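Me: I'm new to this one and would like to learn how to read it. Could you walk me through it, feature by feature?

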Amino acid sequence: MGKVAVGAAVVCAATAVAVAALVVRHRMRSSGRWARAMGILREFDEKCAAPIGKLRQVADAMTVEMHAGLASEGGSKLKMIITFVDTLPTGDEKGLFYALDLGGTNFRVLRVQLGGKEGRVGKQEFTEVSIPPRLMTGTSDELFDYIATELAKFVGAEGEDFHVSVGRQRELGFTFSFPVKQTSISSGTVIKWTKGFSIDDAVGEDVVAELTKAMERKGLDMRVAALVNDTIGTLAGGRYYDNDVTIAVILGTGTNAAYVERAHAIPKWHGLLPKSGEMVINMEWGNFRSSHLPITEYDQALDVESLNPGEQIFEKMISGMYLGDIVRRVLHRMAEEAAFFGDTVPPNLKVPFILRTPDVSAMHHDTSPDLRVVGCKLKDILGISNTSLKIRKVVVKLCDIVATRGARLAAAGILGIMKKQGRDTIRDGEKQRTVIAMDGGLFEHYTKFSQCLEITLKELLGEEVAGTIVIKHANDGSGIGAALLAASHSQYLEYES
Ligand code: BGC
C-alpha cells in the first residue's frame with residue numbers, strides 16, 4: 001500500500017470514529033430527551049391520580065359544601081341556587097310551548113306540542129344557530145337582539161301542525177346555562193359568566209327582562225314563563241319519562257349538577273314551604289374547589305390565563321372547554337423542555353385552546369395499529385408531521401390521564417350528591433332506585449370518559465347500591481324540560497284546571 005493510500009485509510013477510519021461518536025452522542029442526547037419527556041409525563045400522571053380514597057374525600061367535601069351553601073347565601077363556593085321549581089313534570093302538560101336554550105357557542109330554539117297524559121310529547125321542531133364569537137364578549141343588547149331576531153324568524157315559520165289557543169300569548173321556557181340568582185320561576189339576575197362568555201353589562205341584570213326587551217324591540221309577542229338552568233331542564237325532561245330521576249348532571253362545554261332537595265333542609269329559604277315539600281337546587285358545582293382535588297401546575301396556569309381566574313376550578317378540571325387545553329399545555333412543556341417534537345417547539349402548541357376536547361377524544365379512541373388518527377391530529381392541528389408510533393402512544397396516554405381524572409372527579413361529585421340525599425346506602429333493606437339524568441357533548445360523545453365515570457361511580461358505591469342506580473342519557477332533556485316547565489308555569493294554567 002502506498003503512503004497516500006495509507007493516509008486515506010487513516011482519514012476514513014478517523015471519520016468513521018467521529019461519525020460513530022456523533023451517532024452515540026445523538027442517541028444519548030435523544031435518549032436523555034426521551035427520559036426527560038417521560039419524566040414530565042410520569043410526574044403529571046402522579047399529580048393527576050385520583051384513587052378511590054381521594055375520591056371519597058372529594059365526595060365528602062362536596063357534601064359538606066352543599067350543606068354550607070344551603071345554610072346561608074354566600075356560605076360556600078357552591079351557590080346551591082334555589083330554583084323555584086318545586087314540582088317536576090307530571091305528564092299533564094298540554095299546549096304549544098317554545099324553548100330557548102342558551103349556554104354555549106350555539107343556541108337552540110324549539111317548539112313542541114304537548115298532549116297531556118295521552119298525547120305526551122307531540123310534534124316538535126327546532127333550529128340551532130351559532131353565536132358569532134364577538135357577541136360572547138360584547139354587550140347584553142347585542143347578544144339578546146341577535147337571539148330575539150333568530151327566535152322571531154323561527155316563530156314566523158310556525159306551521160299548521162302547531163296550535164296556540166286564540167287570544168293567547170306564546171310562552172317560552174328559557175334555558176340560560178350560566179350562574180343566575182333566581183328571584184322567581186321566571187326571573188333571575190346574572191351572577192357571572194362562564195365558558196368563555198364575558199358580557200359585563202349583563203352581570204347583575206335580570207336575563208328575562210333583557211330577553212323580553214329584545215323580543216319587544218323585534219316585535220315578537222312572547223312571554224318567558226320559566227327561566228331554568230340546563231341542569232334543571234335536564235332534570236325536568238328526565239323526570240317526565242322516569243319518576244325516579246332525582247339528579248341531573250351536565251358534562252359539556254361546562255359542567256354542573258342539580259338535584260331534588262327536601263325543602264326543610266334549606267335553612268336559607270325563608271319563603272313558604274312548597275306543598276310538595278321539595279325544591280330543586282342548582283348546585284353550580286363547576287365552582288367547587290377543595291384541597292383534595294388533584295390540581296397540577298398546568299391547571300393553575302390554565303386558570304390564571306383564563307377569562308375567570310380563581311373561578312370554576314372543578315369545571316376547569318372536568319369539562320369539555322378545558323380538557324383539550326390541559327393536554328396541549330403538557331405537550332408544550334414536553335416540547336420545550338425535552339425537545340419531544342424535535343429541536344424547535346412547534347408554534348401551534350403555543351396557541352391556547354387550539355387542541356379541542358373532541359380532538360382529544362378522537363385520539364384517545366384511536367384503535368388503528370399505527371395510531372393514524374393521532375398522527376393526523378398532530379399534523380393537522382399542531383403542524384407536527386412524521387411522528388413515530390412511540391410518540392403517538394405517549395399522546396394517547398396523556399389524553400387518558402386527563403380524561404380519567406375528569407371522569408373520576410365527576411363520579412365523586414355525584415357520590416357527594418347521593419350522600420346528601422341519603423341515597424348512597426340501602427336503608428332498612430329498602431332498595432330505592434336512583435336515576436341520574438345526564439347530558440352534554442362530553443358525556444354523549446367521549447365514550448371512554450362516560451364509561452370511566454360510570455365504572456368509578458359503581459366502584460365508589462359498592463355492588464349492592466350500584467345495583468340501584470341508573471345513569472340515563474337524557475338526550476336534549478334540557479330543551480324539552482324547559483318547555484315542560486313553561487307549561488307547568490303557564491299564565492293560563494289556572495283557567496284550565
Ligand atoms: C355554568 C352552569 C351550567 C354548566 C353546564 C357552567 O359553566 O355555570 O350554569 O349548567 O356550565 O352548561
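Me: Let me start inside. By class, how many nonpolar, polar and charged residues are in the lining of the largest cavity?

Reply: Keep in mind that this is a predicted model. The lining has six nonpolar residues, four polar ones and no charged residues.

Me: Which residues are they, then, that line the largest cavity?

Reply: The lining is made of Ile81, Thr83, Phe176, Val180, Gln182, Leu227, Val228, Asn229, Ile232 and Asn282. Strand 6 (180-184) and strand 8 (222-228) are the elements that give two or more residues to it. As for volume, the largest cavity comes to about 60 Å³. The model has three cavities of 30 Å³ or more.

Me: Strand 6 came up there. Which strand does strand 6 pair with, and in which sense, parallel or antiparallel?

Reply: Here's the general idea: strands of a sheet pair through backbone hydrogen bonds, and they do so either parallel or antiparallel. In this case, strand 6 is joined by four bridges to strand 7 (residues 187-190), and the two run antiparallel. A hairpin of two residues links them. If you want a spot to look at, find valine 180: its bridge partner in strand 7 is valine 190. Val180 is also one of the residues lining the largest cavity.

Me: How many bridges join strand 8 to strand 5?

Reply: Six bridges join strand 5 (residues 170-176) to strand 8, and the pair runs parallel. One place to check is threonine 175, which stands opposite valine 228 in strand 8. Val228 turns up in the cavity lining too.

Me: What is the strand order in the open sheet of six strands?

Reply: That order is 1-11-10-9-12-13, again with mixed pairing. Strand 1 (81-82) and strand 13 (469-473) are the edge strands, each pairing on one side only. Within the sheet, strand 9 (residues 245-251) and strand 10 (residues 255-262) pair in the antiparallel sense over five bridges. Leucine 251 has threonine 255 in strand 10 as its bridge partner. Helix 13 (residues 389-421) lies across strand 9, strand 10, strand 12 (434-439) and strand 13, running at about 10 degrees to strand 10.

Me: Finally, where does UniProt place the "Hexokinase N-terminal" domain?

Reply: An unreviewed UniProt entry puts that domain at residues 41-240. In the model, this span is 38% helix and 27% strand, with its end C-alpha atoms 46 Å apart. UniProt also places a "Hexokinase C-terminal" domain at residues 247-487, again from an unreviewed entry. Residues 247-487 are 50% helix and 12% strand, and their end C-alpha atoms are 21 Å apart.

Technical notes:
Residues numbered from 1 in each chain as written. Predicted model: local features only at pLDDT ≥ 70, side-chain atom pairs only at ≥ 80, totals over all residues. Heavy atoms only, no water. Pairing = 2+ DSSP bridges. Contact = heavy atoms within 4.5 Å. Axes fitted to C-alpha atoms, helices over the stretch in contact; angles between N-to-C directions. 1 Å grid on protein atoms, 1.4 Å probe; cavity = no way out; pocket = protein on both sides within 12 Å on 5 of 7 lines; lining within 4 Å. Points joined across faces, edges and corners; volume = space filled by probe spheres on them. Nonpolar A, V, L, I, M, F, W, Y, C, P; charged D, E, K, R; others polar. UniProt positions renumbered as here; feature names shortened; annotations may be inferred.
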